[in-house]
Amino acid sequence: MIYSLLVLSSPLAGSSARTAADFAGAVLARGHTLERVFFLDAGVQHGAVSRVLPQGEHNTLDEWLELRRTHSVELLLCVSSALRYGMLDENEATRHERGAATVHPAFTIAGLGQLVEAHQQSDRLVTFGG
Amino acid sequence: METNPKSTLIVTRRSPCQGGIAKSALDTVLAMAVFDQPVALLFQGEGVLQLLPDQATELLGRGSLSRQLESLPLYDIDSLFVDAPAARHYGLDLTLCALAISPLEDSQIRDLMLQHHTVLGF
């Protein structure tokens, strides 16, 4: 079965971010395909390259990067949410005259059309947070 | 994009001033419509407050959802529903709402969810 995920909550809010990352790992472990993870609203903060967590705290970024590296899962950040939360890749940082990119290069900034496409191409679209 | 579109029900449950999630739900509804995907919208729980008229969101330095809500029929989005018990709980007068919207009781909401391929909660 082909899955895509929609992540709405911040990596620092509650447990749904951790649940999303765990769910993604479980989907793949069961032999399903995980096509795309779309991060929307506060969820775009998952793509932050610059977060520094205290020792012993869990950073879901590592899990998303592992999914990208091992299974080529697309990691997409909604563009309007990304701008609102200050999540800029190199292009957006240049376009909006900000000093540096804040998004990890494994993530891609994309429009909501990519979420619609994920919905069409997947058997299941599962939401986390909100 | 494939043909054979799947129907989607977007459920919006947050008040209009609680972060940006209500706007993200509306943006998703509009994106679905722009790509010719069948989409319906249900205002549930605190989300019914998005339907309040005369919201002075500029006092919070925020944009208003009202204009975007009122534009939904222009995108042929006319499957609009509101959680009737929640509307009663919040004292919402639906006759003041600028949208043609159908109030649904709990059992009807359950049926609505069953009628859609995908339910996305915001």
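This is a predicted model: local features need pLDDT of at least 70, side-chain atom pairs count only at pLDDT 80 or more; totals for chains, interfaces and linings use all residues.
Residues are numbered from 1 along each chain as its sequence is written, chains are lettered from A in the order in which they are written, and side-chain values use heavy atoms, with hydrogens and water left out.

Let's start where the chains meet. Chain B puts 23 residues in contact with 21 residues of chain A (heavy atoms within 4.5 Å). Together they bury about 1,700 Å², with 60% of it on carbon and sulfur atoms; buried area is the accessible area (1.4 Å probe) that two parts lose on being put together, summed over both. Across this interface of chain B and chain A the rule finds 0 salt bridges (a side-chain nitrogen of Lys or Arg within 4 Å of a carboxyl oxygen of Asp or Glu). On the side of chain B that touches chain A, helix H1 (21-34) and strand S5 (118-121) of chain B each supply at least two residues, and H1(B) gives the most, with 7 residues. Helices (H or I, at least four residues) and strands (E, at least two) are DSSP runs, numbered from the N terminus.

Now for the salt bridges: over all chains, the structure holds 7. One of them pairs Glu74(A) with Arg36(A), whose closest N and O atoms are 2.9 Å apart. Because Glu74(A) sits in strand S3 (residues 74-78) of chain A and Arg36(A) in strand S2 (residues 33-39) of chain A, the pair ties together parts that are 38 residues apart in sequence.
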